[in-house]
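Visitor: Could you walk me through this model, one question at a time?

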Amino acid sequence: MLLKTLLNFVEKHKGFVYDSLRLIHRNGIPRIEIRILPRKNSRPICSICEEPGPIHETSRELREFQYVPIWGIAVVFLYAMRRVDCKNCGTPKVEKVPWARGKHRLTTSFSRFLAVWARRLPWQEVASIFGTTWSRVYDAVCWAVAWGREHQDLSGVTAIGVDEVAYKKGHNYLTVVYQINEGCRRLLWIGVDRTEETLRGFFSWFGKTRSETIEFICSDMWRPYLNVISSCAEKAVHILDRFHIMQNMGKALDEVRRQEASRLKAEGREPVLKDSRWCILKRVVNLTKTQIAKLKELMQYNLKTTRAYLLKEDFQHFWEYTSSTWAGKFLDAWCTRTMRSRIEPMKKMAKSLRKHRELILNWFKAQKQFSSGVVEGLNNKIKTTTKKSYGFRSVEVLKIALYHTIADLPLPPATHEF
Ligand SMILES: [Zn+2]
């Protein structure tokens with residue numbers, strides 16, 4: 001039969017043969033059942049120590065293993081497991097079969113197949129398209145991620161970015177570490193929370209030798225991160241990068257706007273700040289026509305928000321400098337001006353910039369090679385995945401999903417390629 005030929009082409013295993021095949025209907029659903037038999041005189045392999053031994057007994061029940069469906073028809077392998085009289089292990093052990101892992105009911109080929117699709121589609125969709133369950137898809141992804149993390153190449157990681165990501169509406173955080181080298185940008189590691197202990201977890205996973213070869217680290221001004229980076233990667237140039245600084249600046253500006261909007265409302269004044277959020281937070285070039293009109297209107301009022309907006313926009317010039325000395329002079333002047341502005345959130349921002357002056361100027365010393373786009377791009381990918389993750393039951397599931405989609409992990413080898 002042709003199916004057998006195909007099976008022997010894609011999935012041939014030493015010591016076993018494909019025996020009978022049949023197409024049946026179970027509860028009205030068609031499926032192909034493929035019976036597998038051990039070759040005569042073949043010795044089963046112990047699943048614990050992986051040594052062959054004599055047969056202790058053969059199960060009377062057939063175990064089912066889900067295989068890759070074809071033409072919309074489910075395919076299962078049926079096999080009577082043997083038990084091995086294992087000399088090493090003492091007591092009889094169940095045998096190891098080459099098409100599946102441990103007690104799993106998915107064949108390895110089907111696991112890989114599901115994992116590949118789970119990179120492109122939501123897991124529930126993968127499950128329903130290929131006639132399996134969400135938890136089996138999850139299982140397949142866990143296996144692929146574990147394999148990928150074990151086999152990934154971590155050489156040449158000389159630039160990393162550390163970031164925090166909020167998840168599940170509220171104050172739940174993940175610490176994520178990216179590789180941000182030119183030509184190789186990927187998620188490396190995820191830890192729950194954003195404490196010093198969390199980030200220490202990264203460095204102990206990454207290892208002391210590799211940590212010593214890190215040349216650049218980008219992060220935001222979060223104190224626990226700063227502490228750990230200065231102690232675990234002493235030799236690296238630590239950069240407070242453009243993306244994180246502008247993100248904080250945006251937060252400060254937004255706070256000014258919110259405070260002022262509620263003050264205007266309390267005083268019963270015209271709500272000029274209504275719908276202004278994005279037109280002050282976005283860069284001018286990205287504004288729509290309506291937003292530009294709104295911005296022009298805002299500029300006619302003497303508001304704290306407009307003054308804070310001008311300070312933020314002025315700060316963009318900072319990034320255009322090439323010399324760190326001149327950038328430093330600009331930074332100092334900007335901070336002095338802002339400290340006199342009497343706008344509290346902006347003053348706080350200026351204080352923090354002063355405090356981290358050196359780490360910020362490191363960006364110029366690193367010849368600006370880590371543009372804000374790198375961290376920002378990876379950050380956005382994480383956000384897309386976390387948003388999709390409402391169906392994810394726990395943070396562990398979310399971590400697996402992030403590794404699977406963003407870490408660029410190698411996949412376990414396939415039995416054949418397209
Ligand atoms: Zn054994």
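Visitor: Which handedness does the crossing of H5 and H7 have?
Guide: First, a word on the basis: this is a predicted model, where local features need pLDDT of at least 70, side-chain atom pairs count only at pLDDT 80 or more, and totals for chains, interfaces and linings use all residues. Residues are numbered from 1 along each chain as its sequence is written. Helices (DSSP H or I runs of at least four residues) and strands (E runs of at least two) are numbered from the N terminus. A crossing is left-handed if the near helix is turned anticlockwise from the far one by less than a right angle and right-handed if clockwise, and the crossing of H5 and H7 is right-handed.

Visitor: Into which classes do the residues of the contact of H5 with H7 divide?
Guide: On the H5 side the contact is made by Glu196, Leu199, Arg200 and Phe203, and on the H7 side by Pro224, Tyr225, Asn227, Val228 and Cys232; contact means C-beta atoms, placed from the backbone, within 7 Å. Ala, Val, Leu, Ile, Met, Phe, Trp, Tyr, Cys and Pro count as nonpolar, Asp, Glu, Lys and Arg as charged, and the others, Gly among them, as polar. That gives six nonpolar, one polar and two charged.

Visitor: Which strands stand at the edges of the open sheet, and why is one side of each left without a neighbour?
Guide: The sheet has five strands with mixed pairing, in the order S10-S9-S8-S11-S12; two strands pair if DSSP finds at least two bridges between them.

Visitor: Is S9 largely enclosed or left open by the rest of the structure?
Guide: Strand S9 (residues 172-181) runs antiparallel to S10, joined by eight bridges, and S8 (residues 159-167) also pairs with S9 in the antiparallel sense over eight bridges. A residue is buried if 20 or more other C-beta atoms, placed from the backbone, lie within 10 Å of its own, exposed if 12 or fewer, and partly exposed in between. Seven of the ten residues of S9 are buried, so this strand is largely enclosed.

Visitor: Which residue stands opposite Leu174 in S10?
Guide: Leu174 of S9 is the bridge partner of Val165. Towards S10, Leu174 stands opposite Val192.

Visitor: Which residue takes a positive phi in the hairpin of S9 and S10?
Guide: This hairpin has two residues between the strands. The positive phi, near 85°, belongs to Gly183.

Conventions. Two residues are in contact if their C-beta atoms, placed from the backbone, lie within 7 Å.
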